Amino acid sequence: MVKRAEVSKIVVINGPNLGRLGVREPEIYGSATLEDLRAACTQWGQELGINVEVRQSDSEAEVIGWMHQAVDEKTPVVLNPAAFTHYSYGLADAAAQVTDVHIPLIEVHISNPAGREAFRKHSVISPIATGTITGMGFYGYKLALDAAVHALED
Ligand code: DQA
């Protein structure tokens, strides 16, 4: 695994429709917004002693580009692939490049997709992720940040 000393930040990448948090299906995703998530992740990063950058995109190409950047810059990734989870082999191939070079990539979902519609039960990302956290709301990102740091070598 990549060493802690080689890492200057963790990138938290959110896929499509997660910019609509707070508006979108609040009964599932809660009333907090992406900005609230950004503030929480920044705070959790400070507690862990690491910079955290939170991004969101509705574009598969942009999210794939961020995976390539994570490989080139040796940046651990917390990834909520949103709907891409269930069908994007392009993103799965890009995410595999991250874990292939021993950079942690933690998959996170706000809801528990396994308990929802049939199409959400399958993730093309989980087989290549370092680990997956589901169903814990925004707190799952805290667990994922913790897990990403924990996965690094001393
Ligand atoms: C999600 C679950 C996905 O099935 C869905 O498409 C999302 C959000 C979650 O965080 O629970 O957009 O990844």
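Polar contacts here are pairs of N or O atoms within 3.5 Å. Here are the ligand contacts side by side:

| Residue | Distance to a ligand oxygen atom |
|---|---|
| Asn80 | 2.8 Å |
| Ser111 | 2.6 Å |

On its own the ligand has 320 Å² of accessible area (Shrake-Rupley method, 1.4 Å probe), and the protein covers 99% of this.

Which residues surround the ligand? The shell (a heavy atom within 4 Å) consists of Arg24, Tyr29, Asn80, Ala82, Ala83, His86, His109, Ile110, Ser111 and Arg120. Sorted by class, four are nonpolar, four polar and two charged.

Now to the salt bridges, where a side-chain nitrogen of Lys or Arg is within 4 Å of a carboxyl oxygen of Asp or Glu. The whole structure has eight of them. One joins Glu153 to Lys3, with 3.1 Å between the closest N and O atoms. These partners are 150 residues apart: Glu153 follows helix H5 (139–151), while Lys3 precedes strand S1 (9–14). Helices (H or I, at least four residues) and strands (E, at least two) are DSSP runs, numbered from the N terminus.

Residues are numbered from 1 along each chain as its sequence is written. As the model is predicted, local features need pLDDT of at least 70 and side-chain atom pairs 80 or more, while totals for chains, interfaces and linings use all residues; side-chain values use heavy atoms, without hydrogens and water.

How values were computed. A polar contact is a pair of N or O atoms within 3.5 Å; within protein, one must be able to donate a hydrogen and the other to accept it, and residues adjacent in sequence count only if both atoms are side-chain atoms. Ala, Val, Leu, Ile, Met, Phe, Trp, Tyr, Cys and Pro count as nonpolar, Asp, Glu, Lys and Arg as charged, and the others, Gly among them, as polar.
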